[in-house]
There are 2 protein chains.
Amino acid sequence: MKELIEKYREIGFKLTPQRLAILRFLKGNTSHPTAENIYRQIKEVYPTVSFATVYNTLQALVDRGEVTEVTIDSQKRHFDPYPKPHHHIICIECNKIGDVFKDYSDALKLPKNILKEFKPVRNHINFYGICRECQKIGGIKYGNMSKSRAGCREF
Amino acid sequence: MKELIEKYREIGFKLTPQRLAILRFLKGNTSHPTAENIYRQIKEVYPTVSFATVYNTLQALVDRGEVTEVTIDSQKRHFDPYPKPHHHIICIECNKIGDVFKDYSDALKLPKNILKEFKPVRNHINFYGICRECQKIGGIKYGNMSKSRAGCREF
DNA sequence: TACAAATTTAGAATTATTATTATTTAAAAA
DNA sequence: TTTTTAAATAATAATAATTCTAAATTTGTA
Ligand SMILES: [Mn+2]
Ligand SMILES: [Mn+2]
Ligand SMILES: [Zn+2]
Ligand SMILES: [Zn+2]
């Protein structure tokens with residue numbers, strides 16, 4: 001925790017108890033929480049925290065590159081507190097999200113005509129497929145839910 | 001147009017003038033419009049169309065796999081009427097979106113431990129980088145806009 | 001032409017996110 | 001330690017994208 005506090009103080013990030021609670025929750029977290037997920041968790045330890053503070057803190061962290069956004073769900077923003085670059089697997093039946101820690105950059109050469117006008121900086125892959133549970137139930141359980149609108153669970 | 005009408009009638013998609021206007025607008029379109037973009041366009045030719053109809057039609061098309069969703073912008077849903085599978089380039093300065101027609105699937109093998117429980121079906125790559133215009137202006141013009149929240153333009 | 005089922009529409013409702021502002025507080029200065 | 005001040009919090013209002021509702025209309029078919 002000392003490291004955590006030092007780190008943020010150095011970058012001029014004012015540390016409040018609310019923010020510390022959020023930072024502690026996010027540290028080492030490999031899930032992909034929404035602002036609401038985080039809000040609920042933080043309320044357990046800090047019951048008076050407000051939703052606005054969660055949003056403010058998340059935005060501050062995104063601006064500083066400490067947290068990224070995972071763009072997979074058009075309903076709500078999902079955040080990714082895990083710092084190392086990685087890709088994601090998404091179940092097309094139940095919408096669970098998982099991490100893929102493998103760098104494919106060498107294989108991802110853009111066509112020459114695009115490279116003439118576009119300077120790539122980073123890339124991100126979404127692998128869509130069927131998770132273990134959904135393979136078992138053969139898509140029956142979630143088969144009737146609108147795929148594109150279904151809520152996102154986590155692996 | 002005859003083919004268009006036939007095609008949808010066959011799959012039991014009831015064709016109204018509103019839907020035809022939308023289908024004509026989307027056909028061969030390689031942009032990534034929001035519901036609002038489409039609504040504005042359709043109103044030009046069909047002034048009494050309602051927003052709900054645009055949303056309804058888009059959802060019907062997505063459900064039938066005729067249109068996909070591009071998950072890049074957490075503010076609004078963007079749709080992709082171009083039928084062939086492809087990837088996208090996104091400018092991190094101005095948020096323009098472009099297409100990449102190249103199949104990388106052979107190079108995108110998932111790690112074995114993931115393949116034990118996840119059956120991949122398809123993949124999608126986002127290439128983030130700097131577009132030609134933004135290279136020219138050196139990021140000054142859009143340099144002060146919040147990257148993650150800026151609106152999306154199109155290539 | 002008549003019918004049943006699906007679609008359209010306007011407007012209301014919902015919901016995620018952002019903005020406002022008075023109050024509080026962290027951290028630097030004295 | 002006390003003071004100071006810029007920044008953060010919290011409650012609430014505002015905004016904006018999307019979905020819902022229900023009555024009227026239209027499509028495709030018999
Ligand atoms: Mn992740
Ligand atoms: Mn596209
Ligand atoms: Zn699943
Ligand atoms: Zn650009």
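This is a predicted model: local features need pLDDT of at least 70, side-chain atom pairs count only at pLDDT 80 or more; totals for chains, interfaces and linings use all residues.

Biologist: Are B:Cys131 and B:Cys134 buried or exposed?
Modeller: Both B:Cys131 and B:Cys134 are buried.

Biologist: Now for the zinc ion (ligand 3). Which residues coordinate it?
Modeller: The zinc ion (ligand 3) is coordinated at 2.3 Å by the SG atoms of A:Cys91, A:Cys94, A:Cys131 and A:Cys134. The site of this zinc ion (ligand 3) is tetrahedral, and the angles among its 4 donor atoms are 104 to 114°. Its donor residues have the sequence spacing C-x2-C-x36-C-x2-C.

Biologist: Where do A:Cys91 and A:Cys134 sit in the chain?
Modeller: A:Cys91 is in strand S3 of chain A and A:Cys134 is in helix H6 (residues 132-136) of chain A; they are 43 residues apart, and the pair links distant parts of the chain. A:Cys91 and A:Cys134 are buried.

Biologist: Let us turn to the strands. What is the order of the open sheet?
Modeller: The open sheet has 6 strands in the order S4(A)-S3(A)-S5(A)-S5(B)-S3(B)-S4(B), and the pairing is mixed.

Biologist: Why is one side of each edge strand left without a neighbour in the sheet?
Modeller: Strand S4 (97-100) of chain A and strand S4 (97-100) of chain B stand at the edges with a single partner strand each, so one side of each has no neighbour in the sheet. On average, and ignoring direction, neighbouring strands of this sheet are turned by 25° against each other.

Biologist: How many bridges does S5(A) form with strand S5 of chain B, and in which sense do they pair?
Modeller: S5(A) and strand S5 (residues 119-130) of chain B pair over 11 bridges in the antiparallel sense. A:Ile125 stands opposite B:Ile125 there.

Biologist: And within chain A, what does strand S3 pair with?
Modeller: Strand S3 (residues 87-91) of chain A runs parallel to strand S5 (residues 119-130) of chain A, joined by 4 bridges. S3(A) also pairs with S4(A), in the antiparallel sense over 4 bridges. A:His88 stands opposite A:Asn126 in S5(A) and opposite A:Asp99 in S4(A).

Biologist: What lies between S3(A) and S4(A)?
Modeller: S3(A) and S4(A) form a hairpin with 5 residues between them, and A:Asn95 in the turn has a positive phi of about 70°. In S4(A), A:Ile97 and A:Asp99 point one way while A:Gly98 and A:Val100 point the other way, and all are buried.

Biologist: Changing topic to helices, how do H2 and H4 of chain A cross?
Modeller: The axes of helix H2 (residues 17-26) and helix H4 (residues 51-63) of chain A come within 10 Å and cross at roughly 60°. The crossing of H2(A) and H4(A) is right-handed. Residues in contact include A:Ile22 and A:Leu26 in H2(A), and A:Leu58 and A:Leu61 in H4(A).

Notes. Residues are numbered from 1 along each chain as its sequence is written. Chains are lettered from A and ligands numbered from 1 in the order in which they are written. Side-chain values use heavy atoms; hydrogens and water are left out. Two strands pair if DSSP finds at least two bridges between them. Helices (H or I, at least four residues) and strands (E, at least two) are DSSP runs, numbered from the N terminus. Donors are N, O and S atoms within 2.8 Å of the metal (3.2 Å for Na, K and Ca); water is not among the atoms, so sites may look incomplete. Four donors count as tetrahedral if all angles lie between 85 and 135 degrees; four count as square planar and six as octahedral if opposite donors are over 155 degrees apart and all others between 65 and 115; anything else is irregular. Buried means under 20% relative accessible area, exposed over 50%, partly exposed in between (1.4 Å probe, protein chains only). Axes are lines fitted to C-alpha atoms, for helices over the stretch in contact, and angles run from 0 to 180 degrees between N-to-C directions. A crossing is left-handed if the near helix is turned anticlockwise from the far one by less than a right angle, and right-handed if clockwise. Contact means heavy atoms within 4.5 Å.
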